[in-house]
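Hello,

Here is the structure I said I would pass on to you. Please open it beside this email, and then read on for the notes.

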Amino acid sequence: MELVIDLKEKSYPIIIEKGIINRVGEEVSKVYKGKRIFIITDHNVSKYYGDKVLFSLKNKNFEVKLLSLEPGEKTKGFNTLPDIYNEFLNFNLTRSDLIIALGGGVIGDLAGFAASTYLRGIDFIQIPTSLLAQVDSSVGGKVAVDLERGKNLVGSFYHPKCVLIDPQVLSTLNDKFFADGMGEVIKYGFIKDSNFFEFLYKMKDNEQLMSNMEEVIYKCCDIKRQVVERDEKDKGERMLLNFGHTLGHSIEQYYNYEKYTHGEAVAIGMYMITKISEEKGLTKKETAEKIKDILIKYNLSYEVNVNLKELLEAINLDKKKMGNDLNIIVLKEIGNSEIYKTTISFFS
Ligand code: NAD
């Protein structure tokens, strides 16, 4: 399956296909006519797929270097960059060469940012391997690194030449990160597509879900495509993708980014915000209950052991950054979301 992100001269295809990880060389040679390729990955992903990708590229006579980094968010720190740029220089990587990001969102964001800045920008390709990266972070062109004072504080909008997605690689992803990605998958149903929500709701088990994974990933990428095409730089509609994120971020922060992954925290945030918006009459009754049901089904939590007041203090700490005004995303009903302008008092 294939779709194209239409951003004029920055347009690029997303190809979703089982087994494409074994045919990377072929796909890359369609969009890249140069010789040298620098792959950035992490140890977990490299263990399973590093050799496959190297083999396939070398088979097409590319000259390839693979750099494998420690897995985890810490690797996305700004301080990792000098080492990466040094490796680029050691490999004599020039502006007409190519970088491949092979991994989850950490590698995609980091390698994308390195590509966008090295020699003022060199081409890159995304091969996302976590569910979150396949349905979210590899689509839309946001790339970034973290500073000590916060995540994603330095970044740019920089689109890949293409995105190659192999649903089969999800078989090696652990349960926690699978559930994490499902949080984002379900979010697309909540904000834009009630049929998709129903489809996910009716899945019997993970086996049935996996056998429909190409379609599921396609659906998510397609929804994100439409939103990004209408609002590439995140000034309006793209904010809908942040459903559940205000509370989600404060949950992540409250637990020092240790207890919940991003997707898990956002899942809780989506339920909590909908409970509040339902009580305020902004959301159709029983929506929160449906959200709770589907989160349970996909092994996600819907509540935390801390009250809203304490979480709000975490938000309040951020207040200087956000001011008193808040744009939050609320559902009118499943499949229909809106940006709601309010203040921090919404939560009290
Ligand atoms: P991640 O990259 O750390 O991957 C999660 C874990 O799964 C890692 O341990 C990784 O090694 C492992 N892994 C990945 N693919 C695997 C596979 N196929 N088999 C076995 N193990 C595998 O984290 P993530 O959840 O993919 O991404 C999180 C990052 O994405 C955050 O830094 C977040 O800020 C960013 N993000 C960016 C955007 C965007 O638009 N750019 C959107 C959402 C999130």
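First, the ground rules. This is a predicted model, in which local features need pLDDT of at least 70 and side-chain atom pairs count only at pLDDT 80 or more, while totals for chains, interfaces and linings use all residues. Residues are numbered from 1 along each chain as its sequence is written, and side-chain values use heavy atoms, with hydrogens and water left out.

**The ligand site**

There are 26 residues around the ligand, and Asp42, Glu73, Gly105, Ser130 and Thr172 come nearest. A residue counts as near if one of its heavy atoms lies within 4 Å of the molecule. By class, the shell holds 9 nonpolar, 8 polar and 9 charged residues. For those classes, Ala, Val, Leu, Ile, Met, Phe, Trp, Tyr, Cys and Pro are nonpolar, Asp, Glu, Lys and Arg are charged, and the others, Gly among them, are polar.

Glu73 places a polar side-chain atom 2.7 Å from an oxygen atom of the ligand. Val106 uses a polar backbone atom, 3.0 Å from a ligand oxygen. For Asn152, a polar side-chain atom lies 3.4 Å from an oxygen atom of the ligand. The protein buries 89% of the 860 Å² that the ligand exposes when taken alone (Shrake-Rupley method, 1.4 Å probe; for residues, only the protein chains shown count as cover).

Which elements give two or more residues to this shell? They are α2 (43-59), α4 (105-117), α5 (131-137), β8 (150-157) and α6 (175-192), and α2 gives the most, with 4 residues. Helices (H or I, at least four residues) and strands (E, at least two) are DSSP runs, numbered from the N terminus.

α6 has 18 residues and reaches 26 Å between its first and last C-alpha, close to the 26 Å expected; the expected span is 1.5 Å times one less than the number of residues. Of those 18 residues, 14 are buried, so α6 is largely enclosed by the rest of the structure. Buried means under 20% relative accessible area, exposed over 50%, and partly exposed in between (1.4 Å probe, protein chains only). At the start of α6, a side-chain oxygen of Asn174 comes within 3.2 Å of the backbone nitrogen of Lys176.

Just after α11, Gly281 has a positive phi of about 80°.

**Single residues**

Ser116 sits in helix α4 and is buried, at 11% relative accessible area. Its side chain reaches the backbone oxygen of Phe113 at 2.9 Å. Leaving aside residues up to four places away in sequence, Ser116 touches Gly121, Val143, Ser156 and Tyr158 (contact means heavy atoms within 4.5 Å).

Thr80, in the loop between β4 (63-69) and α3 (81-90), is buried too, at 16%. With the sequence neighbours up to four places away again not counted, Thr80 touches Lys74, Thr75 and Leu110.

Buried or exposed: what is Lys204? Lys204 counts as exposed, at 69% relative accessibility, and lies in the loop between α7 (194-202) and α8 (206-211). Its C-alpha is 9.6 Å from that of Lys297, 93 residues apart along the chain.

Best wishes

Note on methods. Polar contact = N/O pair within 3.5 Å; in protein donor to acceptor, adjacent residues only side chain to side chain.
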